[in-house]
Amino acid sequence: MSTSSLSTQTFGLPWPDLNDGLSYNDVVKSSDSELTLIEFYSSKYKSSAPLQGWLQRIRNGQITVDGEVVRDSDTILRVGSELVYHRLPWGEPDAPFLLDVLYEDDEMIALNKPGGLQVLPGGLFQQRTVLTQLLWRESQKFDHLACQKSHLVPVHRLGRGTSGILLCAKTKHAKTQLPAYFADGTSHIGDDSTTNTKLHTTRKITKIYRALVTGIICEDEVIVKQPIGTVRYPGVAKGLYVASPTGKPALSKVEVLDRDIQKNHTIVEIQSGRPHQIRIHLSFIGHPLLGDPLYVAGGQPKCLGSDLVDESFADDGGFKRPTKPVPGDCGYNLHAHQVVLPHPSSNEVIKITAPLPLVLRTREEIEERSQ
């Protein structure tokens, strides 16, 4: 087994005040012909903006049809017409920009992602992401043509508020192989009563997290077998992941590392699986992550509320930011501390470790470092 080097390289460029905006391209299909411009956008992209928001965008000249700006919302569309919606540049919320390289070779790169930095573009964060910094780094090292042929991309999830190890592929082969490791691990999770003894052995990749949870967990080890499904939730188009008896199987093994009676919190070690599984399973057993703005005891969101949509819109015509907590909100301490996996080409087992934030170190670890 090879181990990642303790020496790290740091990279990252400061974010500009405004991003570059975005362009969304469509070609009118036969099923959409004879629709008006406003009918097309308000029905096809209703999660992007309410009706009045799309009217504002059209009147602002942000939509072109076959290369020509169209401001008449009642313009009839024809089959094959090329539509482009130009989203104006905007200032994205604050986010860190520096990243540490924990491991790198010709096939893959492992980064230490700071909490508060989104991995891939989405929502308000289209430029301030890990992917952008990776591509900027690549452009500094290689010419434009080489960058266009690059397969550089993160291969798994890591929540915006979560810090620690993020694996990224650099080649077409790694781009296929690495995600398969994660998918293979999730597919082994089932209802077998012996599964808890096989948690470490059935997965090709093992990803260990440290977390700070509310309350004192009395047991030294807890096995959580709680399915995870989705519910409708404002601001989350595909539904919010929650503990659900009708959801997909999910298994977590929680190991207590340290208890602080005075501060009423516990440091635990846990593996990951499905989206938001750690946050959901720890809250399900009554110990949500300390500072988690979304999940509470039972593995449910703090408030489900009404499904009514607020039709008011922001300056760019889009919906205003949800007032209720959403999965990308930060405030908790969850760190992807260690990953063990076979190399995508050589099959050699690699162990990668991301240094622990002080708040997630046990008292024993703090004492060892002070000596």
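Which residue of strand 6 does N25 stand opposite? N25 stands opposite V84. Keep in mind that this is a predicted model, where local features need pLDDT of at least 70, side-chain atom pairs count only at pLDDT 80 or more, and totals for chains, interfaces and linings use all residues. Residues are numbered from 1 along each chain as its sequence is written, and side-chain values use heavy atoms, with hydrogens and water left out.

Strand 3 and strand 6 (residues 82-87) are antiparallel partners over 6 bridges. Strands here are DSSP runs of E with at least two residues, and helices are runs of H or I with at least four, both numbered from the N terminus; two strands pair if DSSP finds at least two bridges between them. Strands of a sheet pair through backbone hydrogen bonds.

Contact means heavy atoms within 4.5 Å.

**Rings and charges**

Y24, F40, Y41, Y45, W54 and Y85 are linked into a cluster by ring pairs. Rings of Phe, Tyr and Trp (its six-membered ring) pair if their centres lie within 6.5 Å; planes under 30 degrees apart are stacked, over 60 edge-to-face, and the rest tilted. The count is 7 aromatic pairs.

| Arginine | Ring | Distance to ring centre |
|---|---|---|
| R57 | W54 | 4.5 Å |
| R87 | W90 | 3.7 Å |

**Strand 11 and its partners**

Strand 11 (residues 206-214) has 8 of its 9 residues buried, so it is largely enclosed by the rest of the structure. Buried means under 20% relative accessible area, exposed over 50%, and partly exposed in between (1.4 Å probe, protein chains only). Strand 11 pairs antiparallel with strand 19 (residues 334-342) over 6 bridges, and R210 stands opposite H335 there. It also pairs antiparallel with strand 16 (residues 265-271) over 7 bridges, where I208 has Q271 as its bridge partner.

H335 turns up again among the contacts of N112, which also include L99, D100 and G164. N112 belongs to strand 8 (residues 108-113) and is buried at 13%.

Technical notes:
A charge sits over a ring if NZ of Lys or CZ of Arg is within 6 Å of the ring centre and within 35 degrees of the ring normal. Lists of a residue's contacts leave out its neighbours within four places in sequence.
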